[in-house]
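Try each task before reading its solution.

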Amino acid sequence: QKDREAPIIIVGSGYGGAVSALRLSEAGKKVVMLEMGLNWEKSGIPFSNLLKPGKSAAWLKKKSIAPFMNLFSLTPFTAALDRLDYEHINVWVGRGVGGGSIVNGGMAVTPKESYFKEIFPDLDAEKFYNFYFPLVHKELKVNVIDEQFLKDCPYYKFTRVGEEEAHKAGFKTIRVPNVYDFKYMEKEFRNEVPRSALNTEVIYGNNHGKNSLDKTYLKKALETGNLEILDLHKVDHIKLNEDKSYTLAIQQIDTAGQTIADKTFHCKKLILSAGTMGTLELLLRSHSLHNFPVHELVGKNWGNNGNFMTGRNWVKPLSGGTGAQQSTIPVGGVDNWDDPEHPFFTEIAPLPMGMDVATALYLLINRVDKKGEVTYDSAQTKLTLNWDQSHTVTMKENANYFIKKMNKANGGTRSHFLFNNGFGADICYHPLGGCVLGQATNQYGKLKEHENLYVLDGSLIPGTIGVNPFVTITAIAEFCIENLIRTNEFA
Ligand code: FAD
């Protein structure tokens with residue numbers, strides 16, 4: 001159908017969209033979800049691994065887009081991973097039914113309560129820690145690796161070495177929960193089931209093992225019979241009608257990215273869950289095209305969640321380095337958050353390159369002292385990000401402090417092999433903010449200046465949450481949709 005009415009439309013099928021879809025469809029509401037990416041499960045097309053990037057590797061691009069080592073040519077395809085390039089920062093996002101959950105590392109980290117309270121002073125932290133976070137852990141199927149397996153498995157040498165070195169340098173480490181099913185991974189290791197995490201699958205999708213949203217929230221929502229998901233449907237812009245309903249201009253695309261149909265959908269209630277960059281682009285483009293009302297705080301308070309990559313070369317080369325075989329699922333981290341001078345958390349990240357490169361990779365998460373702003377360039381018809389080196393000064397200081405201390409205690413050098421000067425300041429996996437809860441929206445995510453428009457995704461979090469963000473995005477979405485339903489917004 002090219003022209004269609006739907007009572008409720010959700011744009012995007014990541015965490016915010018999946019939570020909204022489940023709770024609304026459970027409440028008996030008919031929901032249509034539009035997703036520009038592919039429904040991978042339905043398509044039957046397998047995900048590719050890191051060593052052989054294929055169809056799922058780079059959204060409509062001719063070359064692979066991993067953070068480094070992009071030697072691979074590709075045929076453009078509506079892949080699962082996309083990279084959005086801005087002047088001083090590149091932002092990676094997931095595309096497809098399940099959004100970021102398809103491509104992410106599955107690290108399911110609950111923020112520190114003290115930091116959560118600092119970032120969201122108006123939220124009832126007790127309710128979040130006693131109710132929403134436990135609920136989200138259950139729904140997302142969060143689990144923890146068995147310590148004995150971690151100790152014995154050759155694929156986790158990088159974690160064992162990383163933790164040993166961190167302790168020697170005087171840092172505290174933590175175990176990081178994940179949505180990857182570790183019991184499945186143990187079976188992979190015993191060759192009882194097809195391999196995924198142990199076969200370098202992750203940022204181009206996992207064929208097995210990972211409980212992505214299509215296997216949790218979205219599956220449950222579809223089982224109600226009230227949710228319809230249309231994949232390869234890209235919303236171009238939105239118009240506000242006189243009766244306060246919305247009209248969406250949509251392009252249905254094929255897997256080569258060509259438009260096969262232009263469609264117009266109408267809805268009374270619209271939920272934007274297109275991810276931080278997607279939601280901001282839709283709002284700001286619609287404003288630029290048709291003067292669509294957007295509150296002055298839309299685009300403000302954006303941050304990279306303090307993402308800062310760095311690495312070390314020559315890590316224990318004589319004793320076998322970090323391991324030739326590596327699981328793609330991180331389970332360890334360094335927690336230096338309580339250090340007043342250098343507060344950061346860092347993931348001990350895998351680098352599964354099929355050979356031992358004696359290199360350690362770290363993704364630091366820092367505070368964001370200086371926030372950025374997202375605007376729309378009407379002439380060039382694209383988003384602009386006000387963000388440069390001045391925003392990452394303390395992040396770089398922390399990375400430098402960490403690497404120096406690690407090298408002093410353990411040997412090794414700053415990694416020039418991975419990054420030009422040893423620092424990946426321009427790599428962002430966690431774009432957050434721009435439609436901040438209680439600022440651009442009301443206390444439950446309803447966009448200011450609108451009666452029927454809600455934003456439920458990472459853009460609600462003001463640029464920083466101190467840990468990997470999807471657990472928080474999911475919990476905030478649970479909180480918002482519960483209250484929106486309770487206050488009869490969707491009656
Ligand atoms: P998203 O999950 O980004 O979903 C938005 C969806 O909307 C996408 O599917 C997109 O295709 C769709 N969309 C966008 N625009 C349109 C449009 N115009 N029309 C139709 N559809 C549209 N976080 C963690 O907590 N732990 C991790 O281990 C972790 N690892 C990561 C690794 C990588 C490589 C990446 C890229 C991210 C990682 N993240 C991780 C971040 C996490 O995945 C994101 O924070 C999260 O997915 C954001 O959720 P969201 O609901 O805001 O939107």
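A salt bridge here is a side-chain nitrogen of Lys or Arg within 4 Å of a carboxyl oxygen of Asp or Glu. The model is a predicted one, in which local features need pLDDT of at least 70, side-chain atom pairs count only at pLDDT 80 or more, and totals for chains, interfaces and linings use all residues. Residues are numbered from 1 along each chain as its sequence is written, and side-chain values use heavy atoms, leaving out hydrogens and water.

**Exercise 1. Find the salt-bridge partner of Glu26 and describe the setting of the pair.**

Step 1: Look for the partner. The side chain of Glu26 meets that of Arg23, with N to O at 3.0 Å.

Step 2: Helices are DSSP runs of H or I with at least four residues, strands are runs of E with at least two, and both are numbered from the N terminus.

Step 3: Check accessibility (buried is under 20% relative accessible area, exposed over 50%, partly exposed in between, with a 1.4 Å probe and protein chains only). Glu26 is partly exposed at 43%, while Arg23 is buried at 14%.

Step 4: Widen the view. Arg23 and Glu26 are linked with Glu139, Lys220 and Glu478 in a network of salt bridges. By the rule above, the count of salt bridges comes to 26.

**Exercise 2. Work out whether the span of H1 agrees with its number of residues, and how enclosed the helix is.**

Step 1: Get the expected span, which is 1.5 Å times one less than the number of residues.

Step 2: Judge burial. Of the 12 residues of H1, 11 are buried, so the helix is largely enclosed by the rest of the structure. Among them are Tyr15, Val19, Leu22 and Leu24.

Step 3: Look just past the end.

**Exercise 3. Which elements does the salt bridge between Glu165 and Arg312 tie together?**

Step 1: Take the distance. The closest N and O atoms of Glu165 and Arg312 are 2.7 Å apart.

Step 2: Locate the partners. Glu165 lies in helix H6 (residues 157–168) and Arg312 in strand S11 (residues 308–313), so the pair ties together parts 147 residues apart in sequence.

Step 3: Check burial. Glu165 is buried at 1% relative accessibility, and Arg312 is buried at 0%.

**Exercise 4. Describe the largest nonpolar core and the contacts of Leu283.**

Step 1: A nonpolar core is a set of buried Ala, Val, Leu, Ile, Met, Phe, Trp, Tyr and Cys residues joined through side-chain atoms within 4.5 Å.

Step 2: Size it up. The largest core has 165 residues, and Leu283 is one of those with the most contacts inside it, as are Ile9 and Phe128. Helix H11 (residues 470–486) gives the largest share of this core, 10 residues.

Step 3: List neighbours, where contact means heavy atoms within 4.5 Å. Not counting residues up to four places away in sequence, Leu283 touches several residues, including Leu272, Phe292, Cys435 and Val455.
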